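Please look at the structure below.

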Amino acid sequence: MAAGGPSRSERKAAERVRRLREEQQRERLRQVSRILRKAAAERSAEEGRLLAESEDLVTELQGRSRRREGLKRRQEEVCDDPEELRRKVRELAGAVRNAKYLVVYTGAGISTAASIPDYRGPHGVWTLLQKGRSVSAADLSEAEPTLTHMSIARLHEQKLVQHVVSQNCDGLHLRSGLPRTAISELHGNMYIEVCTACTPNREYVRVFDVTERTALHRHQTGRACHKCGAQLRDTIVHFGERGTLGQPLNWEAATEAASKADTILCLGSSLKVLKKYPRLWCMTKPPSRRPKLYIVNLQWTPKDDWAALKLHGKCDDVMQLLMDELGLEIPRYSRWQDPIFALATPLRAGEEGTHSRKSLCRSREEPPPGERAAPLSSAPVLGGWFGRGCTKRTKRKKVT
């Protein structure tokens, strides 16, 4: 042996022994796994003896099996039967009426009716990618606010909902007519780009997806601020990033709303991301003083045990029943009244070639009587916290 440690040949021999033991352990694991898949009556005496000699492996494999089954059950969609769902909606309606400060948290599940895929559902983006299947890109310019979006806007108008905290980047809450001050889009808005060189940040609402050239840690959109000439950036917060923009993230309003809330309604969110934001759940308060939680989701969420009520149903179905129970009509979405056209800043001359994404456009039909839309060219440049709220609708029709 050389001074200072084993020789090279001794190290190689030790490595061979280690690898041999690992291979033997893997082979034993495979054998035990095959035996456990058999019914107890079908196992031979030799197989029974091997299981008795491998108690640690048996315990490990059985634990793995339980965890797999648990994960599988959590991914399954469960639907309440119609009568049970109506009963739960009646209870939810009572909570909405009695709430002193109701905050709504929304996730991708409220936009699936607009043909925007969710993330963790059976056909969600992450689910398909984990299965090695391709994910087709949705044309978000064709998406419109859903029955759920319009119901939330009406509930806010009626002062039954005080604030909306959304994980979605699709801009549909803004397009439903919710005032800017009433929305916190924690992960950004695909229609908004900002100049962070201006103080306060200068905000540009567009009628097209501004994220064409952006990605994780790469946020410049390829356009420049009309005032200072600095590069504009998108507002999207990717996984692994921290959102620092004032608007449209509006974190200050989200945390203030959470601190005031006595009731929280979660719609279409797996809550796997939102649960990581303790400020939204008032975790510094004792459990008895935290807001009552109501969850609408087809799948398991990590907040189910904390919920006062869990409704297993599609968001549009639940919100239709809820609005009927509350005696409120659901506003009809109209592209002629879509606030994004009044809020948007037109591209300047020479900027037309900076994007190739399809732009939103109003219907080719004539606007209904009383629905006059502001011309796009008259829209002001928006900056920071100075975004305008949306005008109230003059005509409403119940969606069936």
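The structure holds 25 salt bridges, a salt bridge being a side-chain nitrogen of Lys or Arg within 4 Å of a carboxyl oxygen of Asp or Glu. This is a predicted model, in which local features need pLDDT of at least 70 and side-chain atom pairs count only at pLDDT 80 or more, while totals for chains, interfaces and linings use all residues. Residues are numbered from 1 along each chain as its sequence is written, and side-chain values use heavy atoms, with hydrogens and water left out.

Three of these pairs are listed here.

| Salt bridge | Closest N to O distance |
|---|---|
| E203 and R180 | 2.9 Å |
| K310 and D304 | 3.0 Å |

In the pair of E203 and R180, the two side chains form a salt bridge. E203 belongs to strand 5 (residues 202-205), whereas R180 sits in the loop between helix 7 (172-176) and strand 3 (183-185), so the pair ties together parts that are 23 residues apart in sequence. Helices (H or I, at least four residues) and strands (E, at least two) are DSSP runs, numbered from the N terminus. E203 and R180 are both buried; buried means under 20% relative accessible area, exposed means over 50%, and partly exposed lies in between, with a 1.4 Å probe and protein chains only.

R223 counts as buried because its relative accessibility is 2%. E193 is buried too, at a relative accessible area of 0%.

Other charged residues form a patch. R8, R11, K12 and R16 make up a positive surface patch, where patch residues have over 30% relative accessible area and no salt bridge, and like charges are joined within 9 Å. One of them, R11, is found in helix 1 (residues 8-36). R11 counts as partly exposed because its relative accessibility is 49%.

Which residues of helix 2 (residues 45-52) are buried? They are E47, L50 and L51. These residues cover an arc of only 100 degrees around the axis, which puts them on the same side of helix 2; the arc is that of the directions from the helix axis to the C-beta atoms. The face turned away from the buried side of helix 2 carries the exposed residues A45 and A52.

Conventions. Patches are made of residues with over 30% relative accessible area and no salt bridge: like charges are joined within 9 Å, nonpolar side chains (Val, Leu, Ile, Met, Phe, Trp, Tyr) within 5 Å. Accessible areas come from the Shrake-Rupley method with a 1.4 Å probe; for residues, only the protein chains shown count as cover. Lys and Arg count as positive and Asp and Glu as negative; His and the chain ends are not counted. The place of a charge is taken as NZ of Lys, CZ of Arg, CG of Asp or CD of Glu.
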